[in-house]
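This briefing goes through one protein model, topic by topic. Keep the sequence and the 3D view open while reading.

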Amino acid sequence: MITKDKRTDTDPEGLTRRRFLNLLGAYGALAAGTGCSKIDRGDIVSYSKKPKEATPAGTAYYASAFQEGLNAYSVLVKTREGRPIHIEGNDEDPLYKGKTSLRALADLLSLYDPDRLKNPIVDAVAASWENALDATASALRKISDKHGDILLLTDSVISPSRRALIANLKRSLPGLVHHAWEPLIGPAHKTHLSKQRLDLSKAKIIVSFEADFLAGDD
């Protein structure tokens, strides 16, 4: 008597041909579905008046500066069609001679942070810069009138433009007191404020910009 071996439809691992074809079809459908997913990247339109520096596939360099503590590094920002893609030290810097901070190199990543706000927000609604500044000034005046002096705590201010902005803010808020805090600078540059510890428990209102002091920022 000749009998059919029930294992003739299986491979040595015990997988039937039917099961193999089912898995193959499932993998194919999954790959096709993933490959056809559409991400909205916006519309591509031509320039009505093309800037001379926006050459397709071309690059342009801009000189800029990056502050870290009491140091200011001269950097070159490489751009392609107006978008920064790389930061490096400026070889013409007489002090650092092309060297720069690692944080300056990594600062480029913040420009492409998907969670970065694209516009100011006032009362959970997108607003213009003018409206945001007016709302901020109004809130600060109310705080000053109710609680007295306001402490503006920043990192070291070595930029003349930033100093001018703080001076204008002081004129608008006579009760404003400004102090700089640099806990990570070298001992040769320590200031009296750097050696102090802030007692936040005595503050009635704390507003933080670009620093999560509750999560570990110094």
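D123 is exposed, because its relative accessible area of 72% is over the 50% that marks an exposed residue. In this predicted model, D123 lies in the loop between β4 (121-122) and β5 (125-126). Its phi is near 55 degrees, a positive value in a residue other than glycine.

**Another loop residue with positive phi**

- K97 is placed in the loop between β3 and α2.
- The phi of K97 is near 50 degrees, which is a positive value in a residue other than glycine.
- K97 has a relative accessible area of 59% and is exposed.

**The chain as a whole**

- The protein chain contains 4 helices and 7 strands.
- Along the sequence, these elements follow the pattern α-β-β-β-α-β-β-α-β-α-β.
- The chain has 218 residues, and buried residues make up 15% of them.
- Its accessible surface comes to about 18100 Å², and 56% of this belongs to carbon and sulfur atoms.
- Of the contacts between residues at least 6 apart in sequence, 39% join residues at least 24 apart.

**The sheet of β1, β2 and β3**

- Three strands form an open sheet, in the order β1-β2-β3, with antiparallel pairing.
- β1 (59-68) and β3 stand at the edges with a single partner strand each, so one side of each has no neighbour in the sheet.
- From one strand to the next, the twist averages 35 degrees.
- In general, the strands of a sheet pair through backbone hydrogen bonds, and the pairing is either parallel or antiparallel.
- How many bridges join β1 to β2? There are 10 bridges between these antiparallel strands.
- L76 has its bridge partner in β3, namely E88.

**The largest nonpolar core**

- Which residues make up the largest nonpolar core? The core has 7 residues in all: F66, Y73, V75, V77, I87, A104 and L108.
- β2 gives the most to this core, with 3 residues.
- In soluble globular proteins, nonpolar side chains tend to be buried together.
- Y73, one of the core residues, has a relative accessibility of 11% and counts as buried, because the cut-off for buried is under 20%.
- V75 is another member of the core. Leaving out residues up to four places away in sequence, V75 touches Y62, A63, S64, A65, F66, I87, E88, G89, N90 and T100.

**The aromatic pair**

- The structure holds 1 aromatic pair.
- This pair is formed by Y73 and Y96, with 4.5 Å from centre to centre and 40 degrees between the planes, and is tilted.
- Y73 lies in strand β2 (residues 71-80) and Y96 in the loop between β3 (83-89) and α2 (102-106), so the pair ties together parts that are 23 residues apart in sequence.

- R103 lies in helix α2.
- Is R103 buried or exposed? Its relative accessibility is 55%, and R103 counts as exposed.
- Apart from neighbours within four places in sequence, R103 is in contact with F66 and E68.
- From C-alpha to C-alpha, R103 and E68 are 8.1 Å apart in space, while 35 residues separate them in sequence.

**E182, a buried residue after β7**

- Where is E182 found? E182 is in the segment after β7 (176-180).
- E182 has a relative accessibility of 10% and counts as buried, because this value is under the 20% cut-off.
- E182 and S156 are 26 residues apart in sequence, and their C-alpha atoms are 6.5 Å apart in space.

Notes. Residues are numbered from 1 along each chain as its sequence is written. This is a predicted model: local features need pLDDT of at least 70, side-chain atom pairs count only at pLDDT 80 or more; totals for chains, interfaces and linings use all residues. Side-chain values use heavy atoms; hydrogens and water are left out. Rings of Phe, Tyr and Trp (its six-membered ring) pair if their centres lie within 6.5 Å; planes under 30 degrees apart count as stacked, over 60 as edge-to-face and the rest as tilted. Helices (H or I, at least four residues) and strands (E, at least two) are DSSP runs, numbered from the N terminus. Buried means under 20% relative accessible area, exposed over 50%, partly exposed in between (1.4 Å probe, protein chains only). A nonpolar core is a set of buried Ala, Val, Leu, Ile, Met, Phe, Trp, Tyr and Cys residues joined through side-chain atoms within 4.5 Å. Contact means heavy atoms within 4.5 Å. Two strands pair if DSSP finds at least two bridges between them. Axes are lines fitted to C-alpha atoms, for helices over the stretch in contact, and angles run from 0 to 180 degrees between N-to-C directions. Accessible areas come from the Shrake-Rupley method with a 1.4 Å probe; for residues, only the protein chains shown count as cover.
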